[in-house]
Amino acid sequence: MAWAAEDVGREVFLGFSAVSIGLFYGLAALAIATFLGGFFLRARKYGRGRKVGRVTLRSILSGLEKVATQRTVAKGDPYVGVAHFLVFWGFVVLLIGTTIIAIDEDVIRVILGKPEWQFWKGTFYVVYALAMDLFGIGFVVGVLMLAFRRRRRPARLDYRRVDLGEGDYDRSGYSLDDKVFLGLLLFLGVSGFLLEGFRIAAVDFPPFEKVSVAGWLVGTITAGWGPVANDWARLATWWVHGLAALGFVAYIPYSKAMHIVDDVVALMVTDEDSAKALPPVADPTRPGYVSLDSFAWVELLEMDACTKCGRCHEVCPARASGAPLSPRDLILDLREYADATADIPLWYGTGAEPAHRDATEVAGGVIGTDTLWACTTCMACMAVCPVGIEHVPTIVQLRRRLVDLGDVEPGLQKAFQALGRGGNSFGKSAKQRPRWTKGLDFEITDVRAEPVEYLWFVGDYASFDPRAAEVTQTVARLLHDAGVSFGIGYESERNAGNDVRRAGEEGLFELLRDHNLEWLREAQFSRIVTTDPHSLNTLRHEYPLDVEVIHYTQLLDALVTSGALRLGRLEGKATYHDPCYLGRYVEEFDAPRNLIRATGLELVEMGRCRENSFCCGAGGGRIWMDDTGLEERPAENRIREAVALGDDVRFFVVACPKDMVMYSDAVKTTGYEDRLEVVDIAQLLERARATVGAAVG
Amino acid sequence: MKIAVLLRPVPDPVEELELSDDGTDLDRDFLGYVLNEFDDHALEEALLLKDETGAEVSVWALGTADEVDQILYTALAKGADRACKLGDDLGALDSRAQATLFADALGDEAPDLILTGVQAADELVGQVAVLVASALDLPHVEVVVGTEPVDGGIRVTKEFWGGITGDYQVALPAVLGIQAAREAPRYVAVSRVRQAQQEGNLEERDVTAPEPAPGVKVVEMRIPEAGEGAEMIEGDEAAAADAIVEILRRAGVA
């Protein structure tokens with residue numbers, strides 16, 4: 001195809017009087033000013049936040065990659081992934097298309113006065129028109145897909161609050177905003193194609209316009225009206241489409257549409273590791289978050305990035321168990337508070353709840369005390385969030401404030417006091433920590449006296465809880481039998497402080513950490529191995545140690561692979577529960593699975609596994625708090641999930657002392673004690689070792 | 001209103017307690033000390049009164065253990081206005097000696113209210129509050145489970161046996177032995193205690209331990225002996241009653 005460049009193209013203001021053109025530019029200026037005004041208010045709000053350095057070339061590229069591929073949106077929800085991909089790229093291409101016209105018409109022709117430089121014609125125009133139509137069709141299809149999904153009312157888009165009764169709050173503005181936003185996008189897409197069709201019909205179907213596939217199709221339908229009627233329809237639609245587009249621009253910073261801007265930036269500045277190594281206390285004289293200016297600017301921006309997609313709401317174990325916490329609502333409440341405090345006008349009227357507007361404190365005021373204590377810090381919310389919101393560190397910062405005010409849940413207070421005295425939450429003397437070693441028929445090396453290869457950081461539950469201590473003895477026997485050079489710190493070890501820190505008691509965490517560092521620095525070892533995934537996280541991510549810290553399943557996996565531990569075979573099926581702090585926090589998913597398979601058991605996965613694993617409910621200090629008020633404890637929910645796998649799945653395999661405690665209880669309270677055996681991986685290995693002789697013989 | 005709270009360190013029962021060689025005391029060489037739980041309640045009640053009336057709260061402790069500084073700084077971090085440590089390395093003191101030293105120190109201070117725990121884990125009888133009141137010639141109420149400031153004094157709730165309580169209106173100054181505060185003792189963040197330590201606002205006064213006065217003497221202390229365990233009686237009420245009668249008969253008491 002080759003057309004003379006002069007003949008191929010179109011006139012932007014075909015048939016417009018100078019007054020009309022002037023009116024359009026006047027309205028455009030007004031729309032852009034409204035947009036910039038709202039944008040300025042948002043930027044000013046972020047400016048009130050605490051300064052943190054998050055922007056690097058790497059973070060920008062990583063953010064752009066996620067935006068371009070839309071993979072964080074598609075993760076776990078391919079339907080939405082495809083729909084949003086179409087809408088996103090459609091929007092981007094249409095935006096580029098409009099910008100090209102603005103450059104060609106406004107900049108080159110009007111401002112520079114160089115019509116000879118105009119390029120929006122000829123072959124370029126043909127390619128342009130084809131791209132605009134194809135991406136425009138995708139855009140409309142994507143919007144329709146999303147609208148169709150919304151009509152089916154998926155559970156995760158239910159905006160009902162978990163902490164307030166019906167009628168105690170009003171979220172109709174949120175639903176209205178969703179509908180207006182989606183409706184505007186659909187209207188812009190459809191009216192654009194109508195406009196194109198009327199224009200093509202009005203100018204009598206120039207052949208090169210065949211590439212405008214959608215417009216051409218519309219034109220063939222309306223061709224029967226005749227060119228004059230089509231031209232009138234074109235003019236009318238031009239104004240309707242144009243005004244809608246300008247209205248949309250003005251509407252962006254006051255609505256959900258702001259996520260178009262905020263999410264791109266949010267994905268560039270988010271820190272995926274901020275829950276693994278929590279941020280330090282920003283102001284030691286006033287720990288935790290007090291008011292708007294306590295928040296980091298990235299947190300304020302990430303709040304605005306929330307699209308209420310409800311993924312965090314759906315996966316949250318606290319929400320699922322009937323606790324008054326929904327990560328979505330927490331972020332929305334903070335955003336409403338921030339917007340009200342920073343005087344951001346929102347056209348749709350979902351401002352702060354009246355109670356929040358007058359709150360003098362964020363922690364315990366805007367966000368209720370019970371809500372803050374409900375979090376298990378399992379990080380499921382952050383793992384599913386498509387826009388990189390960092391719920392967990394924000395919750396910990398608010399907890400720090402509660403702790404500083406002395407507003408501490410009673411069970412937690414007891415644990416803190418016990419930890420301050422004996423370095424463990426059991427209220428036991430530090431001297432009793434190595435008592436579990438008495439059940440062994442060999443002596444474990446004292447790392448304070450002798451060098452070892454592996455320093456075994458045992459952990460609180462593994463040392464003091466009777467059920468977990470049995471597993472600990474099993475681990476000791478396996479390491480001993482495999483000839484591993486290992487030792488423990490005996491009564492010098494203290495709780496590593498992972499959960500103390502996540503419960504907001506930074507000062508106590510520092511005490512425990514410094515005590516541990518003191519004896520760790522005197523001991524001679526090459527690596528640390530720990531039974532407790534929680535200790536694993538803080539030792540690896542938060543302690544200033546320059547040695548490798550691994551989980552016992554990783555060490556056992558290596559020992560089985562190398563042949564140092566020989567296993568027989570077990571029969572049957574097992575399912576495995578990924579501990580939050582081994583899975584999402586340390587990203588070890590395979591070592592435990594390798595071990596289960598190595599015993600000969602068939603591994604059957606639960607629906608929620610690996611990075612989508614469901615929390616047992618013990619993390620973040622929850623294990624010390626009262627959970628009698630919950631409708632269904634997370635551990636019970638999890639046991640029911642495992643039972644639903646079928647009668648033949650006999651073993652519920654765990655790799656965390658706290659899981660052993662939580663699930664041993666939960667199989668009893670759910671009445672599945674006879675159906676499902678809660679067993680630690682180490683115990684499975686020991687059983688498989690007992691069959692070695694039988695297998696060989 | 002000026003409130004003085006007397007705080008006493010007691011051996012931490014979390015540690016394994018051992019007897020001294022002569023068998024008349026605990027082996028105190030390796031003991032850890034913590035604040036007496038009842039005194040913690042006395043402090044909480046004082047801080048609640050401070051919240052309500054703006055009273056000035058001072059805390060007082062005898063230098064009978066290394067942990068005393070920590071105990072006083074924790075009280076400051078919780079909201080006490082002044083902390084005073086009396087003496088150093090005093091060693092273990094009996095109730096009478098403790099009361100004498102407290103009363104001597106508080107005489108000039110003339111607080112309106114003196115609060116302390118109704119008893120302490122390491123004393124034979126709950127006497128410190130009584131003896132301080134006696135030495136200063138002040139009215140006192142023991143086993144107090146709540147206070148309420150009223151015009152011209154304070155209204156206190158005293159706990160009797162069998163769930164009975166009595167309300168008293170007490171003229172000030174007075175001494176109260178606190179059984180339990182109205183609310184559980186508050187938590188104070190470690191960072192706040194550390195901050196109080198750094199500020200170091202600890203008053204110290206020299207005192208000398210008085211000569212042991214004649215009184216009750218410990219002749220022998222013993223670790224409680226473990227019994228042989230409980231026997232669970234099965235069956236309904238009638239069967240259980242029969243079984244109990246049989247046990248009593250065998251034991252020769254019925």
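**Close-up views of a predicted two-chain model**

**Figure 1. Helices H6(A) and H8(A) are roughly antiparallel to each other.** In this predicted model, helix H6 (residues 172–202) of chain A packs against helix H8 (residues 227–251) of chain A at an angle of about 155°, and their axes are 8 Å apart. Because an angle over 145 degrees counts as roughly antiparallel, the pair falls into that class. H6(A) passes H8(A) in a left-handed crossing. By residue type, the contact of H6(A) with H8(A) divides into 15 nonpolar, five polar and three charged residues.

**Figure 2. Helices H24(A) and H25(A) are oblique to each other.** The axes of helix H24 (residues 552–562) of chain A and helix H25 (residues 590–598) of chain A cross at roughly 45° and come within 8 Å, and the crossing is left-handed. From H24(A), the residues that make the contact are Thr553(A), Gln554(A), Leu556(A), Asp557(A) and Val560(A), and from H25(A) they are Ala591(A), Pro592(A), Asn594(A), Leu595(A) and Ala598(A). Six of the residues in the contact of H24(A) with H25(A) are nonpolar, three are polar and one is charged.

**Figure 3. The side of chain A that touches chain B draws on helices H17, H18 and H22 of chain A.** Across this interface, 20 residues of chain A are in contact with 14 residues of chain B. The elements of chain A that give two or more residues to its side are H17 (391–404), H18 (410–422) and H22 (506–522), and the largest share, six residues, comes from H18(A). In composition, the side of chain A that touches chain B has eight nonpolar, seven polar and five charged residues.

**Figure 4. The buried residues of helix H5(B) pack against helices of chain A and one helix of chain B.** Helix H5 (residues 190–199) of chain B has Val190(B), Ser191(B), Arg192(B), Val193(B) and Ala196(B) as its buried residues. These buried residues pack against H17, H18 and H22 of chain A, together with helix H2 (68–78) of chain B. H5(B) is followed by Gly200(B), whose phi is positive, near 65°.

**Figure 5. Val59(B) is among the residues that touch the most other members of the largest nonpolar core.** This core holds 212 residues, and Tyr663(A), Val5(B) and Val59(B) are the ones that touch the most other members. Leaving aside residues up to four places away in sequence, Val59(B) touches Val5(B), Leu7(B), Leu43(B), Leu72(B), Ala75(B), Ala80(B) and Ala83(B).

Figure 6. The C-alpha atoms of chain A fill a box of roughly 100 × 65 × 45 Å, taken along the principal axes. Of its 697 residues, 47% count as buried. When contacts in chain A between residues at least 6 apart in sequence are considered, 79% of them join residues at least 24 apart.

How values were computed. Residues are numbered from 1 along each chain as its sequence is written. Chains are lettered from A and ligands numbered from 1 in the order in which they are written. This is a predicted model: local features need pLDDT of at least 70, side-chain atom pairs count only at pLDDT 80 or more; totals for chains, interfaces and linings use all residues. A residue is buried if 20 or more other C-beta atoms lie within 10 Å of its own, exposed if 12 or fewer, and partly exposed in between; C-beta atoms are placed from the backbone. Two residues are in contact if their C-beta atoms, placed from the backbone, lie within 7 Å. Helices (H or I, at least four residues) and strands (E, at least two) are DSSP runs, numbered from the N terminus. Ala, Val, Leu, Ile, Met, Phe, Trp, Tyr, Cys and Pro count as nonpolar, Asp, Glu, Lys and Arg as charged, and the others, Gly among them, as polar. A nonpolar core is a set of buried Ala, Val, Leu, Ile, Met, Phe, Trp, Tyr and Cys residues joined through C-beta atoms within 7 Å. Axes are lines fitted to C-alpha atoms, for helices over the stretch in contact, and angles run from 0 to 180 degrees between N-to-C directions. Angles under 35 degrees count as roughly parallel, over 145 as roughly antiparallel, 65 to 115 as roughly perpendicular and the rest as oblique. A crossing is left-handed if the near helix is turned anticlockwise from the far one by less than a right angle, and right-handed if clockwise.
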